[in-house]
Amino acid sequence: MSTLAKNTLAIDIGGTKIAIGLVHGDAIVERRQFPTPTVKEASQFAAMILEQAADWLDRATRIGISTTGLVTEQGISAINPDTLAFPAPFPLAAALESLTNKPVAMLNDAQAAAWYEYVNLPQPARNMAFITVSTGVGGGIIIDGKLHSGATGLAGHVGHFSIDPNGPQCGCGQVGCVEAIASGTAIQRRSHETFHPPISNVELFKLAPNEPQAEAIVQASAQAIATLCSNLKATLDLDVIVLGGGVGLASGYLARVVEHIAQRPHAFQVPIIAAQGDYDACLLGAAFQFNKD
Ligand SMILES: [Zn+2]
């Protein structure tokens, strides 16, 4: 039996919601979601998740977690602790293991999605980066066919490439991070400074092709992502970069990034494609991580 033929209880932990799924092969057989509980103890948190998955547990041979934040041997922590709904480090994998006696694996959510995208690339590649542009900017790196998490789990936190010494303050403590310039949060901040009454990011994107100020805000984000892509190409000589997230997949965004990259010297250009995974890429990645070694 191949490892993917097993049933995996997949858990995707976000700041506000938790999605759980029973994954068989490459398909989510059943799926549920519920608000992230506000408990301080990992064992209590784990018990609440297991309660939601109680009728699946007999069928699941293992548990895969993808989570917001930084995953270390001690548990879940964060570069920006304000984004976590629990105290760090949060030993969730250990708590689930002791409650269920099943093997548990845990990955950062963007790394999990990166692995999912890598496995589903339309054309095989050896070296790939996944960049997600949504509320924040995150990512994951595949080097020579393997997910690279790094010794402390930090690898792929590409949103914290600092690209502008005069840029805005980032929640991580640095200045001018890609996340502080390109994220949905950054776009919204600039939009609210510009438009009164305030408009949503969806409205901003609709307005952009015919409204120079709206277009300039979207362009600033796309340009920062293009700079990030070229920096990653220079660092890792990538074959391809996969772009995802609510902003990354917004209509016309990828095309703007591609235009900015096309203006750079040839050595720093890299093909950019849209992510395959929809909002379940992190959940599927939670299950797919068992197939990565
Ligand atoms: Zn930062």
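Predicted model: local features only at pLDDT ≥ 70, side-chain atom pairs only at ≥ 80, totals over all residues.
Reader: Helices, then. At what angle do α7 and α9 cross?
Author: Roughly 60 degrees, with the axes of α7 (residues 212-236) and α9 (residues 253-262) coming within 8 Å. That makes α7 oblique to α9. Axes are lines fitted to C-alpha atoms, for helices over the stretch in contact, and angles run from 0 to 180 degrees between N-to-C directions. Under 35 degrees counts as roughly parallel, over 145 as roughly antiparallel, 65 to 115 as roughly perpendicular, and the rest as oblique. Helices (H or I, at least four residues) and strands (E, at least two) are DSSP runs, numbered from the N terminus.

Reader: Which residues of α9 make the contact?
Author: Y253, R256, V257, H260 and I261. The α7 side includes E215, V218, A222 and C229. Contact means heavy atoms within 4.5 Å.

Reader: And by class?
Author: Eight nonpolar, four polar and two charged residues. Ala, Val, Leu, Ile, Met, Phe, Trp, Tyr, Cys and Pro count as nonpolar, Asp, Glu, Lys and Arg as charged, and the others, Gly among them, as polar.

Reader: How do α5 and α7 run, parallel or antiparallel?
Author: Their axes cross at roughly 160 degrees and come within 10 Å. α5 and α7 are therefore roughly antiparallel. I187, R190, S191 and T194 in α5 meet Q213, A216, I217, A220 and S221 in α7.

Reader: What about α3 and α10?
Author: They pack at about 80 degrees, with axes 7 Å apart. α3 and α10 are therefore roughly perpendicular to each other. W115 and Y116 of α3 are among the contact residues, as are L284 and F288 of α10. By class, this contact has 10 nonpolar, one polar and two charged residues.

Reader: New topic. How much space lies in the largest pocket?
Author: About 1,400 Å³. A pocket, on a 1 Å grid over the protein atoms alone, is an open set of points where a 1.4 Å probe fits, with protein on both sides within 12 Å along at least five of seven lines; lining residues have an atom within 4 Å of a point. Points are joined across faces, edges and corners, and the volume is the space filled by probe spheres set on them.

Reader: What lines it?
Author: The lining has 49 residues, with T68, D109, S134, T135 and G136 nearest the centre of the pocket. α3 gives the most, with four residues. By class, the lining has 17 nonpolar, 25 polar and seven charged residues.

Reader: Backbone next. Where are the cis peptide bonds?
Author: One joins A88 and P89, with omega about -5 degrees. P89 lies in the loop between β6 (75-77) and α2 (92-100). Another joins H196 and P197, with omega about 0 degrees. P197 is in the loop between α5 and α6 (201-207).

Reader: What is phi of N101?
Author: Near 60 degrees, a positive value in a residue other than glycine. N101 lies in the loop between α2 and β7 (104-108).

Methods:
Residues numbered from 1 in each chain as written. Heavy atoms only, no water.
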